[in-house]
Amino acid sequence: MVDCPECGGSVTLHDDAETGEIIDCGTCGAELEVIGTDPVELETAPELEEDWGE
Amino acid sequence: MRVGVLYSRIRRDEKLLLNELRSRDHEVAKLDVRKLRFALDEPPAELAECDVVLDRCLATSRSLYASQFVDSYGVPVVNGPETAEVCADKAKNSLALSNAGVPTPRTEVAFTKETAMEIIEDFGYPCVLKPVVGSWGRLMAKIDSRSAAEAILEHKATLGHYEHKVFYVQEFVEKPGRDIRVVATDGEPVAAMTRTSDHWLTNAAKGATAEPFELDDEALDLVERASEAVGGGLLGVDLMETGESGYTVHEVNHTVEFKALSDATDVDVAARVVDWLETKVPAEVSA
Ligand SMILES: [Zn+2]
């Protein structure tokens, strides 16, 4: 369990969470990026850019 | 083998690939494209050691440049820079399909709003105006009338990025409420699904419902030819059914998302992609 950097709510991660992974905060819905796994650290995910793929 | 995965976000697609690679004891190098430096001559160390690099950058510009650099270091990259270049641009994509004789919707490109207006009036209503770069159906407009056309062209000309000053006009295809998405590896389909929506943009990202789809011989042939037309690789081919005339291929995507396809079908797409990489890499290394 880690605190959401946006709303402070607690976020539960899967055991296999890895850096770069994007998860949603269950409380505020913010997109969060896992920036460290030991210990788990979350950051607000960067905004979508203008020229996203597909 | 050692597989480099170029990314800036690990979405479910990337996670499925990473897990599949690791479960087969391949070495995985996660390459965060935001932190990589691409020199002209020497690759960054973590890249040089890779047998193959899988480009999973979402941003088209990153994908275009990164694949070029990786390729120039002599490291095999999926998808290759030529494929990325054709697929990243709707105009180049349409040209490649048309040149290969693959049925594709009637399309014209113009560089001013006046000429775009001429095309639109010529095509009749409804027709579709698309940005040449972009994704998930964003900024696409279905144009139903002359007044709508005038407003949209004016907005694009005034507010648009330079890429929006390329006006890409396409006929509106009356499809049976669904379109077909095929993920293919060098032209061989891995899985296919239909996307159905009440909205004219039947995009999985826009909440369409997905069903598995069985490809007939004609569709198989078109997927193979469409893939070849853009240079091959791991691709998403978008087809529509057009009634008596069969299919039309709208576009081929090079940064393909497959989680929806994995959910909609029984196919483990990540596993099939890794199967393909395993056969492809020794061939390229020895070539
Ligand atoms: Zn939150």
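Biologist: Is R195(B) buried or exposed?

Modeller: The model is a predicted one, and the label rests on a cut-off, because buried means under 20% relative accessible area. R195(B) has a relative accessibility of 6%, so this residue counts as buried.

Biologist: Which residue does the side chain of R195(B) meet in a salt bridge?

Modeller: A salt bridge is read from the distance between a side-chain nitrogen and a carboxyl oxygen. Here the partner of R195(B) is D179(B), at 3.5 Å from N to O. R195(B) lies in strand 10 (residues 188–196) of chain B and D179(B) in strand 9 (residues 178–185), so that the pair links distant parts of the chain, 16 residues apart. D179(B) is likewise labelled buried, at 9% relative accessibility.

Biologist: Where do D221(B) and R225(B) lie?

Modeller: Both belong to helix 8 (residues 217–229) of chain B, four residues apart, which is about one turn of the helix. D221(B) is partly exposed at 34%, and R225(B) is partly exposed at 30%.

Biologist: How does one read a salt bridge that involves K30(B) and E18(A)?

Modeller: One looks at the distance and then at the place of each residue. The two side chains meet at 2.9 Å, N to O. K30(B) lies in strand 2 (residues 27–32) of chain B, whereas E18(A) is in the loop between strand 2 and strand 3 of chain A, so the pair joins two chains. K30(B) is partly exposed, with 24% relative accessible area, while E18(A) is buried, with 7%. Both residues are also part of a network of salt bridges that includes D16(A), E21(A), K15(B) and R22(B). Over all chains, the count of salt bridges comes to 32.

Biologist: Which residues are the protein donors of the zinc ion?

Modeller: The SG atoms of C4(A), C7(A), C25(A) and C28(A) lie 2.3 Å from the zinc ion. Ideal angles for four tetrahedral donors are 109.5 degrees. At the zinc ion the angles among the four donor atoms are 106 to 113°, and the site is tetrahedral.

Biologist: How are the donor residues spaced in sequence?

Modeller: The spacing is C-x2-C-x17-C-x2-C. C7(A) is in the loop between strand 1 (2–3) and strand 2 (10–11) of chain A, and C25(A) is in the loop between strand 3 (22–24) and strand 4 (31–37), so this pair ties together parts 18 residues apart in sequence. C7(A) counts as partly exposed at 36% relative accessibility, whereas C25(A) counts as buried at 3%.

Note on methods:
Residues are numbered from 1 along each chain as its sequence is written. Chains are lettered from A and ligands numbered from 1 in the order in which they are written. This is a predicted model: local features need pLDDT of at least 70, side-chain atom pairs count only at pLDDT 80 or more; totals for chains, interfaces and linings use all residues. Side-chain values use heavy atoms; hydrogens and water are left out. Donors are N, O and S atoms within 2.8 Å of the metal (3.2 Å for Na, K and Ca); water is not among the atoms, so sites may look incomplete. Four donors count as tetrahedral if all angles lie between 85 and 135 degrees; four count as square planar and six as octahedral if opposite donors are over 155 degrees apart and all others between 65 and 115; anything else is irregular. Buried means under 20% relative accessible area, exposed over 50%, partly exposed in between (1.4 Å probe, protein chains only). A salt bridge is a side-chain nitrogen of Lys or Arg within 4 Å of a carboxyl oxygen of Asp or Glu.
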